[in-house]
Amino acid sequence: PGYILIHSHSPTLKFLMLQEVIEYELNEGRIAKDDLMIFADGHDVLLQRPLAEIVAAYERWPGSPYLISGEKNCWPWPHTDPSHGKWDPGMAVAPNTTFPVHKWLQISASEFCRAIPEKGPYRYPNIGLSMGPVYRFLEVLKRNNRIVLDEDVNDQGAMWLVIIRHALELNMEIDQNAEVFLNMLQYEQGDLAREPCVANFFAERNVATPAAPPVLAEAETFVLTGLLRYCPAGADLTGADICRMAASSLGIRWGGSYEGPGDHHFCLHADDGRDAVYFNAAGERAAVSPQNGFYGSLCRKVPASVGSARLRAPPLNLLTNFTPGFLHFNGPSHEDDTWVACYHAWVEEFRVTGKGHVFFDVDHNIVLSTDDICDYSWYRIRDFHAHPVHGGLLDFLKDFYKLPVDPGLLAWRGSTSAVDAVKLGREEDLHSSSDRLQEALFERSSAPV
């Protein structure tokens, strides 16, 4: 129920629908508030690592945050510096528009791109991928959707406002080093150890990869975490000398050593106005978990996990020394041949039937097999936008849309659904150019072919 008929990028209103689904699934007891949840966009997102590895990467952040993907491009805000990205399609908010942060502070549209501290190459939030506990997801969605409805901001812009207003309250983090999510807009050759998507994009683990562009050896050695984070296991810098070396390597001022029981342990970056690196010599008397929201950690870079049951793995991101679990071809990054090449690499690597692969259809309260629905063996995909539907699938859809919507869901939504309240367009216009799709969707008699 509640078709969203809008054909521009934003607002898509997908978060309104997602909020309703989460609330309903919680009410039905099919999910719990502490369950870990991943949200991903549609077929411009490709999953490339096992779930166990994705969860392990996520758990490097303390406190089970709402983790949102980061990208190189600042959107939808006006760009005022080359560092804000190369894609500024003219859909940005007027530069002199202002938004309240709280009662005594407001921010103009032209200031957003400078408002997010840079902690990695993927600085700016992108709503196409996110991860966190269900209860935290729901709190973020409620705030995001309220902004969309009340402040006339698209869903991407609204998420920026949620971060600026509520990041500490909701423990929100941006994956600026693409540890879990990699957005492909502004990908440059050499960012990955193997180019997307060459024949050996998925290769045997521990097999040598083609030589990467030369970089400084010491720049490959150290990494700065996000705020309120400790290093992953085995990556701590436990002496003042190596801590000072890391500071020099990363171009951050060395502040010296001190002894601070109960404070952030080992090698830390103080982002509280000092912008300097310090070494806490308190040892075991330091805090067991991060306590200061303005401190991050300097760490040794560690290789991607090799403990998976999968023998083949995607390439390392040479900018951050992490291997993300998802690729997102955001913005116009799917408009060239790269997405097509990657689609076929994924089909070859992962496509299999007879293994019980299914998804749950909330509207009809049934489980659907992907074996036939996702079968494109009869057609060679050549374009991101062109995925033809064969006659057998049309017959399936014709019967599928005759199924009754789950009565419990209809009762839950009632007559006050925010999704229905902002529904744009007419259902009759959905796939209006295809008589057969119209017939499948609305049980109409198709015109003679």
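**Helix packing, an open sheet and a buried loop residue**

Helix H4 passes helix H5 in a right-handed crossing, a crossing being right-handed if the near helix is turned clockwise from the far one by less than a right angle, and left-handed if anticlockwise. The model is predicted; local features need pLDDT of at least 70, side-chain atom pairs count only at pLDDT 80 or more, and totals for chains, interfaces and linings use all residues. Residues are numbered from 1 along each chain as its sequence is written, and side-chain values use heavy atoms, with hydrogens and water left out.

H4 spans residues 134–151 and H5 residues 155–170. Helices (H or I, at least four residues) and strands (E, at least two) are DSSP runs, numbered from the N terminus. The two helix axes come within 9 Å and cross at roughly 130°. H4 is therefore oblique to H5 (under 35 degrees is roughly parallel, over 145 roughly antiparallel, 65 to 115 roughly perpendicular, the rest oblique). Axes are lines fitted to C-alpha atoms, for helices over the stretch in contact, and angles run from 0 to 180 degrees between N-to-C directions.

From H4, the contact (heavy atoms within 4.5 Å) is made by Arg136, Glu139, Val140, Arg143, Asn144, Ile147, Val148 and Glu151. H5 contributes Asp155, Ala158, Met159, Leu161, Val162, Arg165, His166, Glu169 and Leu170. By class, the contact of H4 with H5 has eight nonpolar, two polar and seven charged residues. Ala, Val, Leu, Ile, Met, Phe, Trp, Tyr, Cys and Pro count as nonpolar, Asp, Glu, Lys and Arg as charged, and the others, Gly among them, as polar.

Four strands form an open sheet in the order E1-E6-E3-E7, with mixed pairing; two strands pair if DSSP finds at least two bridges between them. E1 (36–40) and E7 (172–175) stand at the edges. Each has a single partner strand, so one side of each lacks a neighbour in the sheet. Neighbouring strands are turned by 30° against each other on average, direction ignored. E1 and E6 (residues 124–133) run antiparallel, joined by five bridges. Ala40 stands opposite Leu129 in E6.

Helix H1 (residues 14–28) packs on the sheet, touching E1 and E6. The direction of H1 makes about 155° with that of E1. H4 lies across E1, E3 (66–71), E6 and E7, running at about 140° to E6.

Phe384 lies in the loop between helix H8 (370–373) and helix H9 (391–400). At 9% relative accessibility, Phe384 counts as buried (under 20% relative accessible area; exposed is over 50%, partly exposed in between; 1.4 Å probe, protein chains only). Phe384 touches His43, Asp44, His334, Trp339 and Val340, not counting residues up to four places away in sequence. The C-alpha atoms of Phe384 and Val340 are separated by 6.5 Å, with the two residues 44 apart along the chain.
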